[in-house]
Amino acid sequence: MAEAEVLKGKLRLPVIGAPLFIISNPDLVIAQCKAGIVGSFPALNARPQSQLDEWLDQISSELESYNKANPDKPAAPFAVNQIVHRSNDRLEADLATCAKYKVPIVITSLGARVELNDAVHSWGGITLHDIINVTFARKALEKGADGLIAVCAGAGGHAGVKSPFALVQEIREFFDGPLALSGSIATGEAVLAAQAMGADYAYVGSAFIATEEARAAEAYKQAIVDGASDDIVYSSLFTGVHGNYLAPSIAAAGLDPANLPESDPSAMNFGGDAKKAWKDIWGSGQGIGAVKSILPAGDLVARLSREYATAKSRLCG
């Protein structure tokens with residue numbers, strides 16, 4: 001195990017709540033952290049940019065108050081996701097706001113930059129970079145990332161096609177630092193399986209869409225509850241990067257989920273227009289068959305914890 005220093009002794013379950021575009025908000029992040037897992041959100045969810053300061057102030061203040069009242073059961077640290085792609089014209093401003101609050105964990109996506117990693121290190125934070133293959137993993141580490149998030153087949157939103165068995169094994173041949181695994185993880189058994197394969201943390205996203213705190217339409221939440229792996233479509237059409245989406249939402253938008261054209265990767269856009277692409281086309285991973293109801297985030301973490309403990313006991317005696 002290669003637990004990140006900032007997380008040692010601070011997690012009640014080895015889980016990082018994945019940043020959900022549009023959906024993650026301070027209420028969800030705070031609930032996740034109080035439940036004992038890393039809560040996270042994309043910086044771009046705070047709109048306008050000035051709202052990011054408000055969100056970080058709220059999260060930092062509420063978690064500080066909680067920790068003072070619960071010294072024997074402190075909240076887990078939180079993370080902010082930064083899209084490094086050149087279409088994100090807010091990156092510098094968002095990074096400066098993160099520096100103001102000394103955000104403990106910065107998750108970087110769609111590009112790796114030495115200067116960003118250096119900036120996060122300067123205030124004592126760490127960076128975790130999400131990758132879909134070994135080539136991107138090596139590049140991220142060369143540019144100073146502290147840890148990796150292996151985004152494998154079946155993950156919600158932008159995802160790769162590698163089996164987690166293959167990708168984790170290959171990464172562990174050259175990297176023994178913090179490693180999270182993403183892809184269809186929605187049960188405590190799956191969290192334990194991620195560790196058994198060699199990851200330190202499970203990266204859980206889609207299951208948190210169907211929580212009371214999530215900023216998702218009720219129809220979206222119910223679609224997660226009603227859906228299963230057969231309802232997931234892998235396509236590059238909507239943002240230029242391949243990702244997994246709920247077929248019913250694609251059909252509702254007037255498209256045929258079984259016959260979607262490919263998109264030009266050079267047309268990738270993660271600026272203001274990106275929100276439109278995700279408003280009606282709903283991202284989701286393949287693990288949603290395990291989601292049976294809409295719950296408070298704390299209750300979901302409690303379920304994962306019970307399942308994790310039971311599975312560990314069953315396998316380890």
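Q: Where is Lys102 found?
A: In this predicted model, Lys102 is found in the loop between helix 3 (91-100) and strand 4 (105-109).

Q: Why is Lys102 called exposed?
A: The relative accessible area of Lys102 is 55%, and exposed means over 50%, so Lys102 is exposed.

Q: What makes the phi of Lys102 worth a remark?
A: Most residues other than glycine have a negative phi. Lys102 is not a glycine, yet its phi is positive, at about 50 degrees.

Q: Which value of phi does Ser184 have, and where does Ser184 lie?
A: Phi of Ser184 is positive as well, near 65 degrees, in a residue other than glycine, and Ser184 lies in the loop between strand 8 (179-182) and helix 7.

Q: Why is Ser184 called partly exposed?
A: Buried would need under 20% and exposed over 50%; the relative accessible area of Ser184 is 31%, so Ser184 counts as partly exposed.

Q: How do you know that the peptide bond from Arg47 to Pro48 is cis?
A: Its omega is near 5 degrees, and the bond is assigned as cis, although most peptide bonds are trans. Pro48 itself lies in the loop between strand 2 (39-42) and helix 2.

Q: Why are helix 1 and helix 2 called roughly parallel?
A: The axes of helix 1 (residues 26-35) and helix 2 (residues 50-69) come within 10 Å and cross at roughly 25 degrees; angles under 35 degrees count as roughly parallel, and the two helices are therefore described in that way. Helix 1 passes helix 2 in a right-handed crossing.

Q: Which residues of helix 1 and helix 2 meet?
A: Pro26, Asp27, Val29, Ile30, Cys33 and Lys34 in helix 1 meet Trp55, Gln58, Ile59, Glu62, Leu63 and Tyr66 in helix 2, and the residues of this contact divide into eight nonpolar, one polar and three charged.

Q: What makes helix 7 oblique to helix 11?
A: The axes of helix 7 (residues 188-197) and helix 11 (residues 297-316) come within 7 Å and cross at roughly 55 degrees. Roughly parallel would need an angle under 35 degrees and roughly perpendicular one of 65 to 115, so helix 7 is oblique to helix 11.

Q: Why is Cys33 too far from Cys98 for a bond?
A: A disulfide needs cysteine sulfur atoms within 2.5 Å, whereas the sulfur of Cys33 is 14 Å from the closest cysteine sulfur, in Cys98. The structure holds zero disulfides.

Q: How do you know that Cys33 is buried?
A: Buried means under 20%, and the relative accessible area of Cys33 is 0%, so Cys33 is buried.

Technical notes. Residues are numbered from 1 along each chain as its sequence is written. This is a predicted model: local features need pLDDT of at least 70, side-chain atom pairs count only at pLDDT 80 or more; totals for chains, interfaces and linings use all residues. Side-chain values use heavy atoms; hydrogens and water are left out. Axes are lines fitted to C-alpha atoms, for helices over the stretch in contact, and angles run from 0 to 180 degrees between N-to-C directions. Helices (H or I, at least four residues) and strands (E, at least two) are DSSP runs, numbered from the N terminus. Angles under 35 degrees count as roughly parallel, over 145 as roughly antiparallel, 65 to 115 as roughly perpendicular and the rest as oblique. A crossing is left-handed if the near helix is turned anticlockwise from the far one by less than a right angle, and right-handed if clockwise. Contact means heavy atoms within 4.5 Å. Ala, Val, Leu, Ile, Met, Phe, Trp, Tyr, Cys and Pro count as nonpolar, Asp, Glu, Lys and Arg as charged, and the others, Gly among them, as polar. Buried means under 20% relative accessible area, exposed over 50%, partly exposed in between (1.4 Å probe, protein chains only).
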